[in-house]
Amino acid sequence: FIDQYGYEGENRLLIFFSGHGHSRKGGDKGYLVPTDAPDPTKDEKGFLRRAITMDQVQTWSRQMEAKHVLFLFDSCFSGTIFRAKSLPSVPPHITAETSKSVRQYISAGEAGQEVPAKSVFTPLFIKALKGEGDLSGDGYITGTELGLYLREQVSYYSRQGQRPQYGKIREME
């Protein structure tokens, strides 16, 4: 629903959840509980993999570009949405960079270079997205940081001499 309607600037959305809620850590962490989530008292890790944190709801809320969004929760512990820590403000350099149009590309290897079917590129890409690609430590991973990280790490771990490439198409700047 959010993917389909949340990124249209003039949309007005109503998101309603009626179901089970759960809290942990003395009521500081609140969760919406999907029907396929295991009982947290019997399988806490499984529960945490399935449950939707109120922090995640806030993240979706901040990502959406719809003009108006109203969330309604008919569930236990949904009031923890007001306790969730707000995300840090966006650093000025990130705001400046994201205001520009850009098309960036990252390839797993050089032109004409064969890349192995069992490449180290994808696992390192996932590590980068989980935080290792944040080279500046500001909480954001730019395309340039991602390119630098992958080029360095893939080149280091690849036995085939795989060398990722990255860059921008200049006419968009």
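**Notebook: contacts, burial and strands**

I looked up Lys 67 first: Lys 67 is partly exposed, because its relative accessible area is 48% (buried means under 20%, exposed over 50%, partly exposed in between, with a 1.4 Å probe and protein chains only). I note that this is a predicted model, in which local features need pLDDT of at least 70 and side-chain atom pairs count only at pLDDT 80 or more, while totals for chains, interfaces and linings use all residues. Residues are numbered from 1 along each chain as its sequence is written, and side-chain values use heavy atoms, with hydrogens and water left out.

**Entry: the chain as a whole**

I found six helices and seven strands in the chain (DSSP runs numbered from the N terminus, helices being H or I of at least four residues and strands E of at least two). From the N terminus on, the order of elements reads α-β-β-β-α-β-α-β-α-β-α-α-β. The chain has 173 residues, and 26% of them are buried. Its accessible surface is about 12,200 Å², with 52% belonging to carbon and sulfur atoms (Shrake-Rupley method with a 1.4 Å probe; for residues, only the protein chains shown count as cover). Among contacts with a separation of 6 or more, 60% join residues 24 or more positions apart (contact means heavy atoms within 4.5 Å).

**Entry: salt bridges**

Side chains of opposite charge can pair when their charged atoms come close. How many salt bridges does a search of the whole structure find? I recorded four (a side-chain nitrogen of Lys or Arg within 4 Å of a carboxyl oxygen of Asp or Glu).

Lys 67 is in a salt bridge with Glu 10, and the closest N and O atoms are 3.8 Å apart. This pair links distant parts of the chain, for Lys 67 is in the loop between H3 and S5 and Glu 10 is in the loop between helix H1 (2-5) and S1, 57 residues apart. Glu 10 counts as exposed because its relative accessibility is 62%.

Arg 24 forms a salt bridge with Glu 44, with 2.9 Å between the closest N and O atoms. Here too distant parts are linked: Glu 44 belongs to helix H2 (residues 44-50) and Arg 24 to strand S2, 20 residues apart.

Asp 55 forms a salt bridge with Lys 29, the closest N and O atoms being 3.1 Å apart. Asp 55 of helix H3 and Lys 29 of strand S3 are 26 residues apart, and the pair links distant parts of the chain. Asp 55 is partly exposed at 31% relative accessibility, and Lys 29 is partly exposed with a relative accessible area of 25%.

**Entry: the sheet**

I followed Arg 24 and Lys 29 into the strands. Lys 29 in S3 is the bridge partner of Arg 24. S2 and S3 pair in the antiparallel sense over five bridges (strands pair if DSSP finds at least two bridges between them). Three strands make up an open sheet, ordered S2-S3-S4, with antiparallel pairing. Strand S2 (20-24) and S4 stand at the edges with a single partner strand each, so one side of each has no neighbour in the sheet.

**Entry: helix H3**

Which residues of helix H3 (residues 54-63) are buried? I listed Met 54, Val 57 and Gln 58. Seen down the axis of H3, the buried residues fall within an arc of 100°, so they line one face of the helix (the arc of the directions from the helix axis to the C-beta atoms). The cover over these buried residues includes strand S3 (29-33), strand S4 (52-53) and S5.

**Entry: a nonpolar patch**

On the surface I found a nonpolar patch of Leu 14, Phe 16, Leu 70 and Leu 72, with about 400 Å² of accessible area together. Strand S1 (12-18) and strand S5 (68-74) are the elements that give two or more residues to the patch. Patches take residues with over 30% relative accessible area and no salt bridge, joining like charges within 9 Å and nonpolar side chains (Val, Leu, Ile, Met, Phe, Trp, Tyr) within 5 Å. Leu 72 lies in strand S5 and counts as partly exposed, at 34% relative accessibility.

**Entry: Arg 163**

Arg 163 is placed in the loop between helix H6 (143-157) and strand S7 (165-168). I noted Arg 163 as partly exposed, its relative accessible area being 33%. Leaving aside neighbours within four places in sequence, Arg 163 is in contact with Ala 108, Gly 109, Glu 110, Gln 113, Arg 151 and Ser 155. Ala 108 and Arg 163 are 55 residues apart in sequence and 6.9 Å apart in space, C-alpha to C-alpha.
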